[in-house]
Amino acid sequence: MANLTIIQQSPDPEQVAERSRTRRSIADKIRAMGQNRIGALLLLLATVVAIVWANFATGSYEAFWETHLTVGVGDLQLDFTLHALVNDALMAIFFFTVGLEVRREFAIGELTSWSRAMVPVIAAIAGLAIPALLFVLVAWGSGFEHAWGIVISTDTAFLVGALALIGPRVPGRLRVFLLALAVVDDIGALSIIALVYTENFNPLPLLIAAVGLVGVYFTRYLPTGRGPVYATLSIIVWLAFLASGVHPTLAGVAIALLVPVYRPDRRDVEHALELARTFRQSPNSDYARAAANSLRESISINERLQSAYAPYVAYVILPLFALANAGVVLSPEILAAAVTSSLTWGIVAGLVAGKLIGVFGSAALMKMMRMGEFGPGLTLDRLAGGAALCGIGFTISLFIVDLAIDDDLAQNEARVGVLAASVIAFIVATIIFRVSDAVRTDVDPGQTLLRPVDPKRDHIFGSPDAPFTVVEYGDFQCGFCLKASGSIHEVYEELGDRLRYVWRHAPLTQYHPNALAGAEASEAAALQGKFFEFERGLFADQENQRPSDIVRLARGLGLDVDRFERDLTSPEVTGRVQDDMLDAEAMGITSVPTLFINGRRHTGPYDAQSLIRALSAGAEPAMTADPETSGA
């Protein structure tokens, strides 16, 4: 029976540069921008439109957003302004997606391992505390010291979009650090909204909300029809939060934290594949529905909801929020009041200086004290640029302005402060990144091995102290990597213990659908001391690397299969593969195999004789990590 594993032709490593010069269409360029960058641009555009609208047609701007909508049946009616509809209802969906991301990161993401999470968590906490302290010091005596929540949160959408627009040449590891930091930052902001900015609290409706949340939790066990049940219970919980006085957007967070998240289970994937084969042999609507449902159920509800809602949040909800809240009247009188307002300057100081000092200062201190994992590429200059970007506090800052300040004039001053701080933070980050890249012009990270060989970390075949080193970034489903593996084996037969061979992962998932799973499986095998045996098994059968094939290989090698399957989803395994992939991105590796000979990138043929000549020509001390500095 034919299997469903699809292996496309890998890109020839010698032809990638030629293909990269091919002219792309406008549609391709827009798609290449990515959702985060497009979303940030739409958010910026909506902000500009709101400011122009508010200044050239002040009456119509205010009148439009104060338009009342009444929804209800009989005596049960809800009355909303358009502004409240955006801030209370649509933003609940935004906070729901934030809650989904928080739940995912703590369950299967960057925050599952304390050693990996330590740096962004501590940096985020410092980035919450220092801005609030600076704000209170600067705004002291204004009567608005209680509005310190305005400066605590970073706008994740703008942060990611700005990083894509102005970030350093190789932002991969900085991006991971900032995303993990943003998750902790969001947790802090949401907690403060709930604890500090809740008024007219009525506990009785929260009992109804609690019953609804229990229902949300147990909905996962329903065999079918979960979508309508989730939707109905979510509306009930949202209404209960609204009646309680707790801001109803927090209902979105509470619901999201109860939505299950998990990595795809091998048995579920295999069952989906069996149904797909059955449909292929006997096409009919029943088999089609069964196969589609099974494939969908193999992915956690959390990840399905993130994928479904993310475009609406990025392209509709956040731009609408900006349109409804960023309409600051910039009259000479208001600007003059803002320039002399300690509230405005407190916000600017908190967001721009506070975030920079808190995030960068704490991260730099941990790096100097060798605390936590930083990884190659997460240098002090890039940390400084990322910390400056954290001063963009747009969405939640404007959100808290509406909660914390009642006076219209003071709200305008606060909004001016938020907008000014976001612009200044963006400019400061741009300068830092441009100076950093300019200073590094004489360094080509793609030509030098970024992470030195570390016998405690790397998979080494041969003597760890051998004078010659070949490091390969590869993909177990790549035919060219199979060829290189044979060549390196011939080199080893020629040089013996004078050669050490190191494998690192660079799975080309756009070409090989099972490549990432194979990489993680090899790391799970490595935890039982069988990395290279597993590597040879994967190379021996490149077309059959489905979950059942991988488990069969593990069983054939005598591994503890139960432990192997547990390790497949462990943070240690997934984190190790991700580290290699981030290193590959930082060195501009876009095709495999990519070989480094004694720490220098090899170009040209990789047959055995060519590699031996390259090793002899580049005979110099091999790059080996200092055990005191590796990973710092």
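In the predicted model, Glu-472 has Leu-595 of strand S6 as its bridge partner, within a pairing of strand S4 (residues 468-474) and strand S6 (residues 594-597) that runs in the antiparallel sense over 4 bridges. Both strands belong to an open sheet of 5 strands, which has the order S3-S5-S4-S6-S7 and mixed pairing. The edges of this sheet are taken by strand S3 (459-462) and strand S7 (600-601), each of which has a single partner strand, so that one side of each is left without a neighbour in the sheet.

Aromatic pairing was examined next, and the count comes to 22 aromatic pairs. One of these is formed by Phe-80 and Trp-238, whose rings are tilted, with 6.0 Å from centre to centre and 35 degrees between the planes. Because Phe-80 lies in strand S2 (residues 76-81) and Trp-238 in helix H9 (residues 226-244), this pair ties together parts that are 158 residues apart in sequence. Phe-80 counts as buried at 12% relative accessibility, and Trp-238 is likewise buried, with a relative accessible area of 15%. An edge-to-face arrangement is found for Tyr-217 and Phe-218, with 5.1 Å centre to centre and 90 degrees between the planes; here Tyr-217 is partly exposed at 31% relative accessibility, and Phe-218 is also partly exposed, at 49%. Elsewhere, ring pairs link Phe-461, Tyr-492, Tyr-501, Phe-531 and Phe-532 into a cluster.

In helix H22 (residues 547-556), the buried residues include Ser-548, Asp-549, Ile-550, Val-551 and Ala-554, and the helix is followed by Gly-558, whose phi is positive, near 80 degrees. Ser-610, found in helix H25 (residues 608-617), counts as buried at 12% relative accessibility. The side chain of Ser-610 makes a polar contact of 2.7 Å with the side chain of Asp-607, while a polar contact of 3.3 Å joins the side chains of Ser-610 and Arg-613.

Conventions
Residues are numbered from 1 along each chain as its sequence is written. This is a predicted model: local features need pLDDT of at least 70, side-chain atom pairs count only at pLDDT 80 or more; totals for chains, interfaces and linings use all residues. Side-chain values use heavy atoms; hydrogens and water are left out. Buried means under 20% relative accessible area, exposed over 50%, partly exposed in between (1.4 Å probe, protein chains only). Helices (H or I, at least four residues) and strands (E, at least two) are DSSP runs, numbered from the N terminus. A polar contact is a pair of N or O atoms within 3.5 Å; within protein, one must be able to donate a hydrogen and the other to accept it, and residues adjacent in sequence count only if both atoms are side-chain atoms. Two strands pair if DSSP finds at least two bridges between them. Rings of Phe, Tyr and Trp (its six-membered ring) pair if their centres lie within 6.5 Å; planes under 30 degrees apart count as stacked, over 60 as edge-to-face and the rest as tilted.
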